[in-house]
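Here's a quick tour for anyone opening this structure for the first time. Have a look at the model below, then read on.

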Amino acid sequence: MRRKVADKSTAGKSGICHQQEITRKDAGMFEDAGRKLSGMVKIPTVSGKGHKEEYHIEAYRKFLKKEFAEIFAVAEEIPVGEARLLRLPGNGSKGGKPVLFTGHMDVVPAVDGKAWKYPPFSGEIAEERVWGRGAQDMKGPQCALLMALDGLLKEGWRPKREVWLYLSCDEETGGETTGTAASLLRRKGISFAVVFDEGGTICENFMGLVEGKAAVMAVGEKGSLEYRFTALAQGGHSAAPPKHSAIVRLGALMCEIEGTDIFRRNLSAGGRAMLRAAAECLPAEDERRKDLLTASMEEGDYPVLHKICSQAESLLGSTIAFTMIEGGTAFNVMPRKAVLTANVRVSALETKEEVTERLTAVAKKHDLLCEFVGGKDVVRESDTRQPGYQMMKACVNQVYPGLPVIPFVLGGGTDSRHFQELTEEIVRFSPMYAEPWQGRGVHGDNEAANIEAVQDAARCYRALLLEL
């Protein structure tokens, strides 16, 4: 049974879980974490069109080779465009399929450098943190993993089974290169026991369900699909407006979709597991524990879930957001054409084909054209009872005693989706703590990582590597 330790600042207050103490061992093992991460952040690796001058991916790879030389000395390196696959042979003491760790080297732009406390590519070490774009997403976790692996290899350790690393170069812009890497592995006949990627992290007050710190591990991720609705009309002068104009029909479509349950409204297996895990943080007599367990078994309108969780709607299947609209040439001219764009985050409860069929039917009612533009389909959910999840959970409990571990379904997408045909299990989790304001800095301003958090993450990865 894991030991729960209440933080003095939260003991006695209402909440589902108290703050957890973190027991730290081997304090000097990863003392160089700040310098290494600072060097990684200093090299801009902004991917995407228009950022060629900020995409120094080759320089970044050279830095990794210098700082983590033992990995590159032992591993077979396979170029995939600007990305790299690394294969570390096992020592043969453990059979079974290899394991893959994937993570991206690229980052998003820092749009307004003046808004940053320290320049976004300075890698400034201040206030016991490393500041800059990528410190959290995901050069910090990548630094932790590479430090753990490099250190073990220097000690003469070799993995019991084959271990692969994938260093992605364009995750932030869709991961096209990762698809190529997955195809290469498929042609080689290589599959994996488990794939570990980013996704969840160690955060606070998770979804309002867990008070204090918790390790949240994503066992699935929603797909992200783009749809375009087009309204065609005769146009004309606004002084004599026709009924059911292009813009009005688009408005009617939006009202109908927002006012009805067009998608399946249900909790997936991952969502139910999340609620059960959150309930485990509470004593048996606590009413909130009963509410969480009740919500985990609900069907229909989910009244208890809506009562206890502000994000209930996003948990209950697919969601749609209308994100762009265009049409018209002047304020007094009726448009001949108006176009509406929507983003659907599709859940494991349904398929892209089902979503497209439903949206097409609603569009037809309003005399609109519905076009599926593209995107990423939903990824199946893994089971928390599978070995990869259980190994990571055990290592978290070892490094962060008493910390709750909560499964969930990620709303965004990761590189790991490209490998789902090559594995039965994907665990999306970086064992690194982010303060609430640091979480907001991911893809925002003032991104920073606590050096101590990077060191703790490295300890967690070390424990995991020893278990594989």
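In this predicted model, helix 2 (residues 57–67) has these buried residues: I57, Y60, R61, F63, L64 and E67. They span an arc of only 155° around the axis, so they end up on the same side of helix 2. On the face of helix 2 turned away from the buried side you'll find the exposed residues K62 and K66.

What sits over the buried residues of helix 2? The cover includes helix 1 (33–42), helix 3 (69–74) and helix 4 (139–154), along with strand 2 (83–88) and strand 6 (163–168).

Helix 7 (residues 269–279) packs against helix 8 (residues 287–297) at an angle of about 165°, with their axes 8 Å apart. Because of that angle, helix 7 is roughly antiparallel to helix 8. The crossing of helix 7 past helix 8 is left-handed. From helix 7, R272, L275, R276, A278 and A279 take part, and they meet R289, L292, L293, A295, S296 and M297 of helix 8. This contact divides into seven nonpolar residues, one polar and three charged.

Here are the two pairs in brief:

| Helix pair | Angle | Axes | Crossing |
|---|---|---|---|
| Helix 7 and helix 8 | about 165° | 8 Å apart | left-handed |

Now for a single residue in a loop. V108 lies between strand 3 (99–104) and strand 4 (125–126). Is V108 buried or exposed? Its relative accessibility is 13%, so V108 counts as buried, the cut-off being under 20%. Which residues does V108 touch, leaving aside its neighbours within four places in sequence? V108 is in contact with V46, R133, E172 and H443. As for H51, it is 57 residues from V108 in sequence, yet their C-alpha atoms are 9.7 Å apart in space.

Terms used:
Residues are numbered from 1 along each chain as its sequence is written. This is a predicted model: local features need pLDDT of at least 70, side-chain atom pairs count only at pLDDT 80 or more; totals for chains, interfaces and linings use all residues. Side-chain values use heavy atoms; hydrogens and water are left out. Axes are lines fitted to C-alpha atoms, for helices over the stretch in contact, and angles run from 0 to 180 degrees between N-to-C directions. Helices (H or I, at least four residues) and strands (E, at least two) are DSSP runs, numbered from the N terminus. Angles under 35 degrees count as roughly parallel, over 145 as roughly antiparallel, 65 to 115 as roughly perpendicular and the rest as oblique. A crossing is left-handed if the near helix is turned anticlockwise from the far one by less than a right angle, and right-handed if clockwise. Contact means heavy atoms within 4.5 Å. Ala, Val, Leu, Ile, Met, Phe, Trp, Tyr, Cys and Pro count as nonpolar, Asp, Glu, Lys and Arg as charged, and the others, Gly among them, as polar. Buried means under 20% relative accessible area, exposed over 50%, partly exposed in between (1.4 Å probe, protein chains only). The arc is that of the directions from the helix axis to the C-beta atoms.
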